[in-house]
Amino acid sequence: MNTRFVFLVFSLALLLSCKSATEPGPVYDFQPMKVGSHWLYNGGGKNYTRTVVGDTTVNGKVYAVIVQDPPYKFTHRNLDSVWYYRKDGNTIYVLLSDSMNVLKECTYINPSSGASGSYYTLTFIGASERKVTRVSYSVTRLDFPDTVNGRAYPHVLKQRITSEVLTPGSISEVTQGDYYFADGVGLIDQIVSNGLTMELTDYEIK
């Protein structure tokens, strides 16, 4: 057998294997977190501004703090308008706090094709009645071009989020929405069944 030929084939195979093992995958930033970055949204005829105001450390992990102004207002509840986000690789985590003051880190954005998962939150209604909410997410589309409000975005992730309120003694309340995130921009559109629909109209990333 031609030893020189064998050596060339072996070298080529080794080169190709090393290239595939070290070739980096796509790097996404579906939630910029630099202080001063802000986004203007319109929903229900109202304008909302979200701004990265700083960061905070919880359990040894650093989270960006994003504040919305004005906060959401509902007749039956007030939604928290301060969010805590942390990025690890391409995945974005959100820090949640339930009524028992237990801090919980949950997956907010997972830009892996076909990614899915769920988590639970616990709150109190009145003095003793408890409400459990199950939140599920699934990536339905990834890395496709989209145009929102006349602006073209080359890399967009579409993630479906379903919230099911499991109130004891009553029928479950289910809310489902599609959330669109653009690489390097953040949330650009959300269409939610409860009417909490918002569209990005302007932004500045620091």
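Y153 touches F144, P145, D146, V148, A182, V185, I188, L200 and Y203, leaving aside residues up to four places away in sequence; contact here means heavy atoms within 4.5 Å. The model is predicted: local features need pLDDT of at least 70, side-chain atom pairs count only at pLDDT 80 or more, and totals for chains, interfaces and linings use all residues. Residues are numbered from 1 along each chain as its sequence is written, and side-chain values use heavy atoms, with hydrogens and water left out.

**The nonpolar core**
- Y153 is also among the residues with the most contacts inside the largest nonpolar core, alongside Y85, Y108, I109, F181, I188 and L200.
- That core has 37 residues, the term meaning buried Ala, Val, Leu, Ile, Met, Phe, Trp, Tyr and Cys residues joined through side-chain atoms within 4.5 Å.
- Strand β8 (residues 129–148) gives the largest share of this core, 5 residues; strands are DSSP runs of E, at least two residues, numbered from the N terminus.

**Strand β11 and its partners**
- Strand β10 (residues 173–182) pairs with β11 in the antiparallel sense over 6 bridges, where pairing needs at least two DSSP bridges between the strands.
- β11 and strand β12 (residues 198–204) also run antiparallel, joined by 2 bridges.
- D189 of β11 is the bridge partner of Y180, and E199 in β12 is a bridge partner of D189.

**The hairpin turns**
- Between β10 and β11 lie 3 residues, and G184 in this turn has a positive phi of about 80°.
- The hairpin of β11 and β12 has 5 residues between its strands, with G195 at a positive phi near 95°.

Note on methods
Buried < 20%, exposed > 50% of the residue type's maximum accessible area, 1.4 Å probe, protein only. Helix = DSSP H or I, 4+ residues; strand = E, 2+ residues; numbered from the N terminus.
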